[in-house]
Amino acid sequence: MVQLTINIENKAIIPYLKRVLNAIDGVSVVSARKKEKKGIEEAREDVRTGRITRYQSPEEMFDAFGI
């Protein structure tokens, strides 16, 4: 089996393209999956986008959590 990857800029044509490709004998369409982020990648993105909170001490953090 041979695989062919196609990059499509215009998302509006995807349904039509899938119909054409499925009509060809021996051709199947497999949807692409987004690459899942690993924990460290998510953490780096959080830091980069500013989704972090800094605390001066563990006690301050526990107080903020209501513990």
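I sorted the lining of the largest pocket by class and noted 12 nonpolar, six polar and two charged residues. For the classes, Ala, Val, Leu, Ile, Met, Phe, Trp, Tyr, Cys and Pro count as nonpolar, Asp, Glu, Lys and Arg as charged, and the others, Gly among them, as polar. The lining has 20 residues, and Leu4, Thr5, Ile6, Val29 and Val30 lie nearest the centre of the pocket. I wrote down a volume of about 890 Å³ for the largest pocket. A pocket here is an open set of points on a 1 Å grid over the protein atoms alone, where a 1.4 Å probe fits, with protein on both sides within 12 Å along at least five of seven lines; lining residues have an atom within 4 Å of a point. Grid points are joined across faces, edges and corners, and the volume is the space filled by probe spheres set on the points.

A note on the source: this is a predicted model, in which local features need pLDDT of at least 70 and side-chain atom pairs count only at pLDDT 80 or more, while totals for chains, interfaces and linings use all residues. Residues are numbered from 1 along each chain as its sequence is written, and side-chain values use heavy atoms, with hydrogens and water left out.

Next I looked up salt bridges (a side-chain nitrogen of Lys or Arg within 4 Å of a carboxyl oxygen of Asp or Glu). I found three. Glu45 pairs with Lys37 at 2.1 Å, N to O, and Glu45 also pairs with Arg51, with the closest N and O atoms 3.4 Å apart. Arg51 in turn meets Asp46 at 2.7 Å, N to O. Shared partners join Lys37, Glu45, Asp46 and Arg51 into one network.

I then checked exposure (buried is under 20% relative accessible area, exposed over 50%, partly exposed in between, with a 1.4 Å probe and protein chains only). Lys37 is partly exposed at 46%, and Asp46 is partly exposed at 27%. Arg44 is in helix H2, residues 39–49, and is exposed at 55%. Helices are DSSP runs (H or I, at least four residues), numbered from the N terminus.

How many of the eight residues of helix H3 are buried? The number is zero, so H3 (residues 58–65) lies largely in the open. Just after H3, I noted a positive phi of about 75° at Gly66.

Key: Helix = DSSP H or I, 4+ residues; strand = E, 2+ residues; numbered from the N terminus.
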